[in-house]
Structures are given as structure tokens and as C-alpha cells.
Amino acid sequence: MTRRTQLIKPRIREILSNILSPELVSLLPKHWAQLGDVLILPLREELLPYKKEIAKVYAEVLGVKTVLRKGRIGGEFRETNYEIIYGSDPITIHKENGVFYKLDASKVMFSPANVKERVRMASIAKPNELVVDMFAGIGHLSLPIAKHCKAKVIAIEKSPYTFRFLVENIELNKVQDRMAAYNIDNREFKGENIADRILMGYVVKTPKFIPKALEIAKDGAIIHYHNTVPERLMPEEPFRTFQETAKEYNYGAELLESRIIKRYAPGVWHVVLDIRVFKK
Ligand SMILES: C[S@@+](CC[C@H](N)C(=O)[O-])C[C@H]1O[C@@H](n2cnc3c(N)ncnc32)[C@H](O)[C@@H]1O
């Protein structure tokens with residue numbers, strides 16, 4: 001923790017103690033996420049009557065233009081419903097590991113906890129590879145590949161709103177020469193037997209998309225398969241499900257590596273498996 005961060009929390013508490021009771025001051029958020037110049041603040045119910053005043057103090061002390069109240073992520077497009085509680089503009093450019101991500105932080109998910117995976121992707125591919133990102137979002141995982149590995153990338157994103165940012169991010173990062181984007185459901189993608197590497201950065205429903213991934217994969221391709229898994233089913237799952245589906249479609253699957261990304265819910269983990277697939 002930097003000295004600046006150490007000083008921030010007492011400063012915020014000191015200012016807000018002028019309007020909040022000591023009990024409410026003790027409930028002020030101690031952790032938050034900052035994406036570019038937008039702050040995402042988890043605020044407890046008890047603090048809601050003062051949300052505007054609280055957000056203003058966090059904004060001024062941390063120097064951000066907009067503060068959002070953290071809410072839920074859900075639905076097919078994994079949209080967020082974060083309420084604007086200070087400022088008016090939730091669109092920002094977040095820079096991480098040399099990659100620019102433009103997004104609407106109030107509607108489009110960007111998980112700070114997935115940072116290690118985004119950084120890992122930056123050195124995962126070789127320049128001559130073709131990578132297909134089946135759940136591209138704003139390019140969370142595939143921009144680092146296009147930018148740092150210089151591999152060719154096809155990024156597929158179904159949500160028209162998220163897609164707008166994906167297209168802008170390809171330009172912002174100057175990777176138009178090697179990264180193309182499609183605003184379709186990945187199950188409508190026509191490429192067969194083309195990819196050296198496939199990203200499946202989606203959870204819960206990911207198994208439904210395994211047959212399409214196998215169709216897009218070249219013989220010997222690597223699939224980065226994400227899913228959530230209850231701890232009691234680990235370590236067999238989620239590889240067992242992947243392998244069974246692959247077998248049904250006449251593919252072999254070899255588990256190369258398995259990593260925990262983050263805790264998804266109590267007793268449930270978000271994991272990523274690197275799996276090599278072979279045509280039988
Ligand atoms: C959870 S976000 C993850 C983004 C990124 N892959 C990551 O792991 O950080 C998944 C994205 O997949 C998109 N998506 C969901 N179903 C899809 C489908 N059938 N075809 C293409 N994109 C889809 C959603 O709109 C969302 O933007």
C-alpha cells in the first residue's frame with residue numbers, strides 16, 4: 001500500500017465525520033475499484049441516505065470525475081447496473097499493462113479481480129497464431145494478445161452496446177491490422193478449423209459453447225476454458241465435463257494447466273483451464 005492510499009481513508013473518514021454518526025463512519029467502504037477516472041464504490045444500505053455526500057467526498061479526495069454505486073452483474077451480456085451517485089459521465093478509459101480499455105463502467109463489466117488473467121494473456125500467444133475470442137466483451141482478454149503478442153485476433157461479441165467499445169478499443173490500441181471484431185452470437189460464426197487458440201471467457205453457461213469451440217479449433221489448438229465450479233467438485237470439474245463433451249464430438253482433450261481466477265460465491269470458484277484438443 002502506498003503512503004497516499006494509507007492517508008486517503010483517514011482523510012475521507014475525517015471529512016465525513018462532520019455529517020455522519022461514528023457508527024455510519026465505521027461502515028464507510030474501505031475498498032473500492034477505480035477504472036480510469038471512474039470510481040466504483042460498494043455502499044451499504046445504511047449509508048444510502050447520504051450516498052451523494054459520501055460520493056462527493058470520495059470523488060474529491062481520490063480525484064475522479066464520476067462515482068458509481070456497485071451493484072450486480074447479470075444476464076446474457078453480463079451487464080452491470082451500477083448507479084451514478086456523483087458526476088454524470090460513466091464512460092472512461094482505463095489503462096492496464098499498456099492496454100487501453102474504453103468502457104461505460106456503469107453498464108459493462110470489467111473485473112479488477114481478473115487482472116492476472118489479462119496480464120497472462122499478454123504473453124500467451126506467438127505472432128503467427130490465429131486467436132478467436134468467443135466472448136470478447138470490450139476486448140478484456142484479447143486486446144493484450146493483439147497488442148503484446150502481436151498475434152491475429154478475431155473477437156466476437158454479441159451485445160451491440162459492448163461491441164461499440166470493442167471496436168473503439170481496437171482503434172485506441174492501434175491493432176486494426178491484426179484484430180477484427182464481429183457483433184454476432186458466436187454460434188453463428190462461420191470459421192471452421194481455423195484457430196490455434198480460443199478464449200472462452202464466460203462462466204456458468206460455458207459448457208453449452210464447447211461444440212462451437214471445437215468446430216472453430218484447429219487440430220492441436222489450445223482452448224482457455226473458463227467456468228465456475230463448486231469447491232466440492234474440484235479438481236475433477238470442470239475438465240470432466242469438457243472432456244465428456246469433446247468425446248461426444250469425436251475430440252480428445254488434454255489438460256495442460258488449471259488456475260483459480262477468483263472466488264465467485266461462497267464455496268464456488270471461477271477457474272480457467274488450458275486444454276489442448278485433438279481430432280480423433
Ligand atoms: C463476462 S464477459 C467477459 C469478457 C472477457 N471475456 C473476460 O473474461 O473478462 C462475457 C461477454 O460475452 C458476451 N457474450 C455472451 N454470450 C455470447 C455469445 N453467445 N456470443 C458472443 N458473445 C457473447 C457478453 O455480452 C459479454 O460481453
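Q: Let's start with one residue. Is threonine 92 buried or exposed?
A: Threonine 92 is buried, because its relative accessibility is 4% and the cut-off for buried is under 20%. Keep in mind that this is a predicted model.

Q: Where does threonine 92 sit?
A: Threonine 92 is in strand E7, which covers residues 91-96.

Q: Which side chain makes a polar contact with threonine 92?
A: The side chain of aspartate 37 does, at 2.7 Å.

Q: And what else does threonine 92 touch?
A: Leaving out residues up to four places away in sequence, threonine 92 touches Leu35, Gly36, Asp37, Val38, Tyr101, Lys102 and Leu103.

Q: Zooming out, how is the chain divided?
A: There is domain 1 (3-89) and domain 2 (109-279). Their centres, taken over C-alpha atoms, are 32 Å apart.

Q: How many residues are in contact between domain 1 and domain 2?
A: 9 residues of domain 1 are in contact with 10 residues of domain 2.

Q: What about the largest nonpolar core? Which residues touch the most other members?
A: That core has 32 residues. Val131, Ile138, Leu143, Ile145, Val153, Leu166 and Met179 touch the most other members.

Q: Which helices and strands each supply at least two residues of this core?
A: The strands are E1 (33-35), E2 (38-41), E8 (99-104) and E10 (152-156). The helices are H5 (142-149) and H6 (160-172). This core also takes at least three residues from each of domain 1 and domain 2.

Q: Pick one member, isoleucine 138. What is isoleucine 138 in contact with?
A: Setting aside neighbours within four places in sequence, isoleucine 138 contacts Tyr101, Lys102, Leu103, Val108, Phe110, Leu143, Thr162, Phe165, Leu166 and Asn169.

Q: What does the second core include?
A: The second core is separate and has 28 residues, among them Ile154, Ile210, Tyr225 and Phe239.

Q: New topic: the ligand. Which residues come nearest?
A: Of the 20 residues around the ligand, the nearest are Phe135, Glu157, Asp185, Asn186 and Gly201.

Q: Which backbone atoms lie by ligand nitrogen atoms?
A: A polar backbone atom of phenylalanine 135 is 2.7 Å from a ligand nitrogen. For asparagine 186, a backbone N or O atom lies 2.9 Å from a ligand nitrogen. For lysine 158, a backbone N or O atom lies 3.2 Å from a ligand nitrogen.

Q: How much of the ligand does the protein bury?
A: The protein buries 96% of the 600 Å² that the ligand exposes when taken alone.

Note on methods: Residues numbered from 1 in each chain as written. Predicted model: local features only at pLDDT ≥ 70, side-chain atom pairs only at ≥ 80, totals over all residues. Heavy atoms only, no water. Core = buried A, V, L, I, M, F, W, Y, C linked by side-chain atoms within 4.5 Å. Buried < 20%, exposed > 50% of the residue type's maximum accessible area, 1.4 Å probe, protein only. Helix = DSSP H or I, 4+ residues; strand = E, 2+ residues; numbered from the N terminus. Domains from an automatic or database assignment. Contact = heavy atoms within 4.5 Å. Near = heavy atom within 4 Å. Polar contact = N/O pair within 3.5 Å; in protein donor to acceptor, adjacent residues only side chain to side chain. Areas by Shrake-Rupley, 256 points an atom, 1.4 Å probe, with all protein chains shown as cover.
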